[in-house]
Amino acid sequence: MLSLQFKRLIHSIKKSPVGFAFDIDGVLMQSKNPILPYARDTVTLLQDHKIPFVLLTNGGGQTEASRVSFLNKSLSLKNPLRTSQIVLSHTPMRNLTGKYNRVLVVGGDDPQTREVAQSYGFQEVIRPIDIVREAPNIWPFIRYTREEIQALSKPVDLRQPIDAVFVFNDPRDMGTDTQIVIDALCSENGVLGTRRGIGSSKPSVPIIFSNMDLLWSTGYPIPRFGQGAFRLTIRELYKQLNNAELEDIVLGKPWPVSYTYAENVLNDEWKLLNGDRSGANEIPELGVKPKEQLVENVYMVGDNPQSDISGGNNYGWETILVETGVYKEGDFHKYPTLAKPTFGIFPNVWDGVTSALKRHQVI
Ligand code: G3P
Ligand code: MG
């Protein structure tokens, strides 16, 4: 009777010569609009040639399943993308359920963002709308309507401390969210409605931003502020109130933790394409690279030099920059320190990916 290990050994999977990590906004989509025909044709080409690929986005505020379902509909793919192929900005935060129980999750829409945090297994998920329900005068200009508060908020005991603040996506009511987040960071031990003394760079409760994109591509003629703009607001207000720089934690591209997570997912994707489901339900540990690299040449395809290209270069991947998003021709002259792609700049994702596939004699 062959042991499972030995079976795996004799059926060890050959490496894939090439694989891809795709940014979404500015590469496959512009906000809710697909970049056609390039996005659909590129995904279909890779599926037809069984080339492994994952989606690595700083987007979020919804479950991985709902984001993938939206992409499948938008791109009208004959073979739908799998939920296991996507890494949202907050996907790696599912590893933090053992560390924090009562979390304030900011950004994104209600009820979607609460659903995400609950799907990860956090014991108590608090949203700004819950706090407004209990303390309507926490900010004099709240934008929630009475009906929204009635329908979307949950009761919360504000006497209990918050363990951590997570920013899952861009705020929808920046005034209310800014006030509540600063209140939590400057509170006595995480209890809202209290204020501790000033001078510490260490916030009263940790805050983790799921990305630091200052700008992103939405299809408007010029890039729009992203979660990074909210982070700069929080950092500056914290500094003004505490006379100290905020010690915060930032995930997402360009940080290696997100690329390591994506590399694990890409490995599992390649195993799956070879009939091995051993990685299918595993959650990669934060910052832990896969035991072996099953994809020999990984290309990060992005539209933002500051996140996609910089992160991919630093991680040791090849990088492809496309001109359908944040980056515009001439930007490298205007901003010479911007990270440059190792493989090249292309008008769209199709041109970039087919050039890479030709380089590796796949097509
Ligand atoms: O919120 C989305 C934005 O930050 C950029 O998303 O897909 O270009 O990484 P993406
Ligand atoms: Mg992008």
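In helix 9 (256-273), Pro256, Tyr259, Thr260 and Glu263 are in contact with Ser307, Asp308, Gly311, Gly312 and Tyr315 of helix 10, where contact means heavy atoms within 4.5 Å. The residues of this contact divide into 3 nonpolar, 4 polar and 2 charged. Here Ala, Val, Leu, Ile, Met, Phe, Trp, Tyr, Cys and Pro count as nonpolar, Asp, Glu, Lys and Arg as charged, and the others, Gly among them, as polar. The axes of helix 9 and helix 10 come within 10 Å and cross at roughly 75 degrees, which makes helix 9 roughly perpendicular to helix 10. Axes are lines fitted to C-alpha atoms, for helices over the stretch in contact, and angles run from 0 to 180 degrees between N-to-C directions. Angles under 35 degrees count as roughly parallel, over 145 as roughly antiparallel, 65 to 115 as roughly perpendicular and the rest as oblique.

The model is predicted: local features need pLDDT of at least 70, side-chain atom pairs count only at pLDDT 80 or more, and totals for chains, interfaces and linings use all residues. Residues are numbered from 1 along each chain as its sequence is written, chains are lettered from A and ligands numbered from 1 in the order in which they are written, and side-chain values use heavy atoms, with hydrogens and water left out.

The chain holds 12 helices and 15 strands. Helices (H or I, at least four residues) and strands (E, at least two) are DSSP runs, numbered from the N terminus. The radius of gyration of the chain is 21 Å, close to the 21 Å that the globule rule gives for 363 residues, so the chain is as compact as a globular protein of that length. This radius is taken over C-alpha atoms, and the globule rule is 2.2 Å times the number of residues to the power 0.38. The C-alpha trace spans about 65 × 60 × 40 Å along its principal axes. Of the 363 residues, 53% are buried; buried means under 20% relative accessible area, exposed over 50%, and partly exposed in between (1.4 Å probe, protein chains only). Among contacts in the chain with a separation of 6 or more, 69% are between residues 24 or more positions apart. The accessible surface comes to about 16800 Å², of which 52% belongs to carbon and sulfur atoms. Accessible areas come from the Shrake-Rupley method with a 1.4 Å probe, and for residues only the protein chains shown count as cover.

Helix 10 (residues 305-315) is largely enclosed by the rest of the structure, because 8 of its 11 residues are buried. These are Pro305, Ser307, Asp308, Ile309, Ser310, Gly311, Gly312 and Tyr315. Their cover includes helix 9, strand 13 (295-302), strand 14 (318-322) and helix 11 (331-334).

Helix 2 contributes Tyr38, Ala39, Asp41, Thr42, Leu45 and Leu46 to the contact, and helix 12 contributes Val349, Trp350, Val353, Thr354 and Leu357. By class, the contact has 8 nonpolar, 2 polar and 1 charged residues. The buried residues of helix 2 are Ala39, Thr42, Val43, Thr44, Leu45, Leu46 and Gln47. They pack against strand 1 (16-22), strand 4 (53-56), helix 3 (64-75) and helix 12.

Some backbone angles also deserve a look. Most residues other than glycine have a negative phi, and most peptide bonds are trans. Lys50, in the loop between helix 2 and strand 4, has a positive phi near 50 degrees. Asn189 is likewise not a glycine and has a positive phi of about 55 degrees. Asn189 lies in the loop between helix 7 (174-185) and strand 9 (207-209), and is exposed, with a relative accessible area of 61%. Pro254 sits in the loop between strand 12 (249-250) and helix 9.

Lastly, Gly228 belongs to helix 8 (residues 227-242) and is buried, with a relative accessible area of 4%. Its C-alpha atom is 4.2 Å from that of Leu214, 14 residues apart along the chain. Not counting residues up to four places away in sequence, Gly228 touches Asn211, Met212, Asp213 and Leu214.
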